[in-house]
Amino acid sequence: MDIHISLAKTAKKPFRRWWLLTTLILLAAMGVWIVPHDQQIDAEKLKFATVQSGPIQFSVKGYGRLRSKISREITTAFAAQVETVLHLPGSRVEPDTVILQLTNPELTQQLHRERLVLARQKANVEALRLSQESERLVLKGQNTLLSSELENAKLREQAERQLVTQGIVSSLDHQRSILMVAQLSERVKLAQQQLSQTSALHKQRIEIELELLKEYELSYQVALQAVEQLQVTAGISGMLQQVHVSQGQAITRGQALAVVGSERTLVADLLVPEREASEIILGQRALVDTFVGQVEAKVSRIVPIVQDGRIAIELTLLGELPSNARPLLTVEGQIFTAKKTAALSLIKPPRVTPQSQSQLFVLDKQNNMLIKKSFKFGKLAGNAIEVLEGGVSGEQVVVSEMSDYQHLEKITIKSLNR
């Protein structure tokens with residue numbers, strides 16, 4: 001019995017030794033994996049920025065597009081069919097440039113009918129004038145004839161008045177002459193009244209016919225304008241931005257056809273983060289970058305609606321536009337919000353955001369090392385950011401990508417020559 005126990009104990013000793021050796025090897029391997037072999041970095045791979053002290057101009061950056069300040073949405077007032085598309089988006093146009101050619105046979109027929117009705121009414125007015133002139137001449141002739149007879153009667157009565165005293169003409173004949181003068185005087189008076197009333201009636205009737213003619217002319221002009229609108233023109237000088245229809249397409253009344261915008265009178269619509277928009281007010285100075293040039297601007301409108309965490313800001317462009325400025329061009333903008341006369345700032349390192357805390361490496365030149373240090377940051381100021389805590393004026397901070405070294409507190413620098 002003792003012999004068997006002794007043999008069992010002897011057999012277990014090699015297994016325990018093998019297990020202990022394996023554990024030591026694994027621990028050594030883990031130590032090699034955890035402890036970095038190389039805690040050094042080549043100075044040529046580093047980018048440094050110096051903590052600056054002095055005045056700082058804060059700003060809010062955003063992106064967006066240029067937009068025509070003056071634009072025209074072209075629609076149709078009638079149903080038609082697109083016959084020809086003469087210009088496509090991007091074309092420069094003038095007010096009388098024809099963009100689309102439409103067809104509508106009904107409008108053309110209506111124009112012919114209105115033209116015929118108008119011509120007939122003009123002929124009626126002219127015929128009425130001739131008829132009235134003829135009637136007026138007849139009445140005037142009759143009035144003249146009666147006036148002549150009245151004058152003859154008056155002369156006869158005057159002559160007989162002298163002859164009655166001499167007994168040559170009887171009193172009865174003289175009385176008849178006096179009666180004739182009175183009758184002719186009344187007839188002349190009535191004829192003059194008839195001529196005056198007839199002239200007034202003629203004038204009133206002509207006015208009625210002329211009003212009717214105006215209605216026909218208006219109907220004709222509406223029909224003519226509709227036919228002219230079959231040739232869709234730009235209406236303003238600028239650039240054709242959009243064409244909503246294609247050749248052969250049937251369009252309905254009120255349908256949008258195209259958009260024309262001014263090419264040189266532009267504004268910029270920027271989208272800025274909602275958290276920074278509260279610092280923006282009307283009239284603030286701004287700068288718009290078209291990636292070919294920059295132009296001064298000012299804040300002219302703030303849209304009070306949040307979309308996808310951003311707010312739209314409208315900037316009015318003040319200076320001469322860069323050569324590539326055009327509607328719908330993607331741009332970047334910078335709005336200058338506030339200014340401090342004394343503050344610390346640093347070129348914005350990667351992954352650092354406003355109003356945040358980050359750990360960065362600073363240069364210890366005396367010991368030829370990088371030391372990790374905590375920083376507290378404030379607002380953006382262009383490509384720089386305000387340093388609220390942790391920074392010292394003149395201190396050199398690594399602003400290159402250092403995510404692979406964040407687990408280290410210190411790093412030795414090789415080939416440092418600063």
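A: Here is a walk through the strand pairing, with a word on confidence first.

This is a predicted model, where local features need pLDDT of at least 70, side-chain atom pairs count only at pLDDT 80 or more, and totals for chains, interfaces and linings use all residues. Residues are numbered from 1 along each chain as its sequence is written, and side-chain values use heavy atoms, with hydrogens and water left out.

As for pLDDT, that's the predictor's confidence in each residue, from 0 to 100. The protein chain averages 85, and 89% of the residues score at least 70. Over residues 1-12, though, the pLDDT is below 50, and beyond near neighbours in sequence this stretch has zero contacts in the model (a contact means heavy atoms within 4.5 Å). Residues 31-38 also stay under 50, with two contacts beyond four places in sequence. Where pLDDT is low, the predicted coordinates should not be read in detail.

Now the strands, which are DSSP runs of E of at least two residues, numbered from the N terminus. Two of them pair if DSSP finds at least two bridges between them. Let's start with strand 12, residues 266-273: six of its eight residues are buried, so the rest of the structure largely encloses it. Buried here means under 20% relative accessible area, with exposed over 50% and partly exposed in between, using a 1.4 Å probe and protein chains only. Strand 12 runs antiparallel to strand 3 (residues 52-68), with six bridges joining them; Arg 67 has Val 267 of strand 12 as its bridge partner. Strand 12 also pairs with strand 15 (residues 310-317), again antiparallel, over seven bridges.

Val 259 turns up in both pairings: it is the bridge partner of Glu 73, and Gln 242 stands opposite it.

Put together, that gives an open sheet of four strands in the order 4-11-9-6, with antiparallel pairing. Strand 4 and strand 6 (92-93) stand at the edges, each with a single partner strand, so one side of each has no neighbour in the sheet.
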